[in-house]
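Dear colleague,

Please find below the structure that I am handing over to you. My findings follow it.

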Amino acid sequence: MAEVLTIQEEELQLIEAAYKDMVESIKSEMEELDLQNIRKAYELALEAHQTQRRKSGEPYIFHPIAVATIAAAEIGLGPTAIISALLHDVVEDTEVTLGEIREIFGNRISKIVDGLTKLDSAYNAESPQAENFKKVLSTLVDDVRVALIKMADRLHNMRTLGSMPRHKQLKIAAETSYIYAPLAHRLGLYAFKTEFLDLCMKVTDPTNYHGIAKKLAETKRSRESYIDEFIQPLRDELDELKVPYRIIGRPKSIYSIYNKIKNKQVPFEEIYDLFAVRIILDVRSEREKMICWQTYSIVTDVHVPIPERLKDWISTPKSNGYESLHTTVIGPSGRYVEVQIRTERMNEIAERGFAAHWKYKGVSRQPDVYERWLDNVREILDDPNSDAVEFLGDFRANNLFNEEVFVFTPKGDMKILPKGATALDFAFNIHTDIGYHCTAIKVNNRLVPMGYKLKNGDQISITTNRSQKPSESWLKMVITGKARSKIRYAMKDEQRKKGELGKEALERKFKHLKVDFEESVEKLVKHLRLPSHVELYYRIATGLTSIPEIFKKFQVMGNKLIEIEYQKETEIEELPTKAPTPRKGTKKSDNTPRLLINGEPGDRFDYTFANCCNPVQGDHIFAYLTATAGLKIHRSTCPNAANLMSNYGYRVMKADWMATTNNTFVADLKITGIDDGPGVIERLSHEISNKLSLNIRSFSISGYEGYFKGKISLLVANTDQLNIAIRALKNLDSISTVSRVE
Ligand code: MN
């Protein structure tokens, strides 16, 4: 063990100062006793963590203080949450027990700390992250403060990610963008979501991140003077309203600017709405709507609006509670400017979401969006059948992104389902039995297929028949977690019933061979890589697997079933649980690009380049240990990366390019432009082959209505060469866009 560094006197002063700042940032009202308890929690944490330091070298206590500060200042949480935040790592990392916390601070706080500890230990034990997330949600329905403090904890860890090793950075960033950012969105913590995505981009795509950050800094002054010019005439008019207000003009996030550049295929210089102007009015709730629309009227009198960009989330708030009036107007010099109009209350909900929601309960006209959502979360958590990864997929699809669709029963009762839900989802939503036995569905009196996508206002009636049963294909026709899990359950049950015959056949065989039943079944299931015993019985019963076929690979010794050795290598494949050991002696041919994997020369591992994202030398990359194909190298911006790292983060390894080599890499380019006949193809291939001297691996092009879309696979040495090629192709006549396939 390293030498124990206790806290130095100067450090203690800094810690004390950080603590004082934290206390000052508390917004909620407090009694003397609350302050005393917060102090007590701080002193307990300080003592408990006194010998620990963070990766950056600073005393550990700075972390819980920072998490408490975020909880207080940025989410606006009160004393209970602040005490819990200060203590959130104490049980996990120090001698202090949960019992002691309960004794000093009571039951509520010890429960929250317990929730946070369980989340952390799940993560540290490197269990699949999906499992971890399921835990986040179960604590969330119990006490939402656990999830909110977890958000604060994650935000501080993301802000201080720089001192972590690179592969951990990638893993944490992936998990953050896959789970925490959408959850922040769902909880209405917009500022968190935005910062999460920016910090993730900083890790996965540092080149573009720093490029945009630099340009934003360079254009700061001219942007600020433009905003002043835009706002001044508005102020004169708004003053007439005699309502207190403030106007903020601030740049959009780097992540959202980058998305615009990517999606619209324009350079930074051509993105005009780099910032949004927000007008926040301080009015009583009865006058909110009227004053907001008056403000809209003032804004559009001064600057010409673009009608189709008007969004009214005041009359119909978003499903996460967001309320605001958005419009885009044409400002000075013809530039587009987005203007957001809202009240202080709406602004607080927009920034603090869930946490602010409780404060205004009953004030807003909107239905209780969070309670409805929590009910939904409880329902899918209650489902004992889904495994964590399935669950996470369902959850993301249904609960984090989608808005809702409102439909009606024949009696006129309104039902709310996630957008994209089908008629069959509706049947399961009404009742599990109605779903199971559903034979025909009418929407607005017309017969529709079961997979019909519901529209707002649809009226739906279901016909059932007792002999109807769910089938595998139904899974493709539903999107809600409830319907999916009920269908899966029915399938498993069906399989179990059918499997009885298979089980009997196996029992006879084993009895005949005089081997132990349980143990031998276990072996067969493992050997055939089946998910369960039931699956094995089912396969035998339906003839998918035959008993004689299986027993070719086994022999009986004593009363045991033994696998015949030589078959083993090709047949058995287990999920790897640890990194492969480097091979000795063998060297890869010189064609293999050289990588460092977890700091070791990569030619000692089996690796290949993933063809979902085709990394090119110079890209930011990572290695992923697959179940069957060794290590795959992906770009850190690969669309699959977040999913892989979030669900199987423990299989992610660090990968770096070693020295430059003479290898070539496949890079796919998307090209669009004006179709002027065969000339285009000729120009493109001339430019690539003759001028750039690059090899084309494949080339496809299709035209429509005077435009064309093409895809070219090139062989390039590195990202520099690729970027030169992209620039050169863009400059050709009649080419509109050239971009690398993500
Ligand atoms: Mn922590």
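The notes below begin with conventions and then go through the metal site, the cores, and the helices and strands.

The model is predicted, so that local features need pLDDT of at least 70 and side-chain atom pairs count only at pLDDT 80 or more, while totals for chains, interfaces and linings use all residues. Residues are numbered from 1 along each chain as its sequence is written, and side-chain values use heavy atoms, with hydrogens and water left out.

Metal site

The manganese ion is coordinated by His63 (NE2), His88 (NE2), Asp89 (OD) and Asp153 (OD), at 2.2 to 2.6 Å. Donors here are N, O and S atoms within 2.8 Å of the metal (3.2 Å for Na, K and Ca); water is not among the atoms, so sites may look incomplete. Along the sequence, the spacing of these donor residues is H-x24-H-D-x63-D. Histidine 88 counts as buried, at 1% relative accessibility, and aspartate 89 is also buried, with a relative accessible area of 4%. Buried means under 20% relative accessible area, exposed over 50%, and partly exposed in between (1.4 Å probe, protein chains only).

Nonpolar cores

A nonpolar core is a set of buried Ala, Val, Leu, Ile, Met, Phe, Trp, Tyr and Cys residues joined through side-chain atoms within 4.5 Å. The largest one has 71 residues, and Met22, Leu86, Leu87, Met151, Phe192 and Phe196 have the most contacts inside it. Helix H10 (residues 166–186) gives the most to this core, with 10 residues. Helices (H or I, at least four residues) and strands (E, at least two) are DSSP runs, numbered from the N terminus. Leucine 86 touches, among others, Met22, Ile38, Tyr42 and Pro64, not counting residues up to four places away in sequence; contact means heavy atoms within 4.5 Å.

In helix H6 (residues 98–105), Leu98, Ile101 and Phe105 are buried. These residues cover an arc of only 55° around the axis, which puts them on the same side of H6; the arc is that of the directions from the helix axis to the C-beta atoms. Just after H6, glycine 106 takes a positive phi of about 95°. Helix H13 (residues 220–239) contains proline 233, which counts as partly exposed at 32% relative accessibility.

Strands and sheet

Two strands pair if DSSP finds at least two bridges between them. Strands S21, S22, S20 and S23 form an open sheet in the order S21-S22-S20-S23, with antiparallel pairing. Strand S21 (695–704) and strand S23 (735–740) stand at the edges, each with a single partner strand, so one side of each is left without a neighbour in the sheet. From one strand to the next, the twist averages 15°. Axes are lines fitted to C-alpha atoms, for helices over the stretch in contact, and angles run from 0 to 180 degrees between N-to-C directions. Helix H28 (residues 679–691) packs on the sheet, and its direction makes about 160° with that of S21. Helix H29 (residues 719–730) also packs on the sheet, at about 165° to the direction of S23.

Elsewhere, 4 of the 5 residues of strand S18 (residues 631–635) are buried, so S18 is largely enclosed by the rest of the structure. Strand S16 (residues 607–609) runs parallel to S18, joined by 3 bridges, whereas strand S17 (residues 621–625) pairs with S18 in the antiparallel sense over 5 bridges.

Yours sincerely
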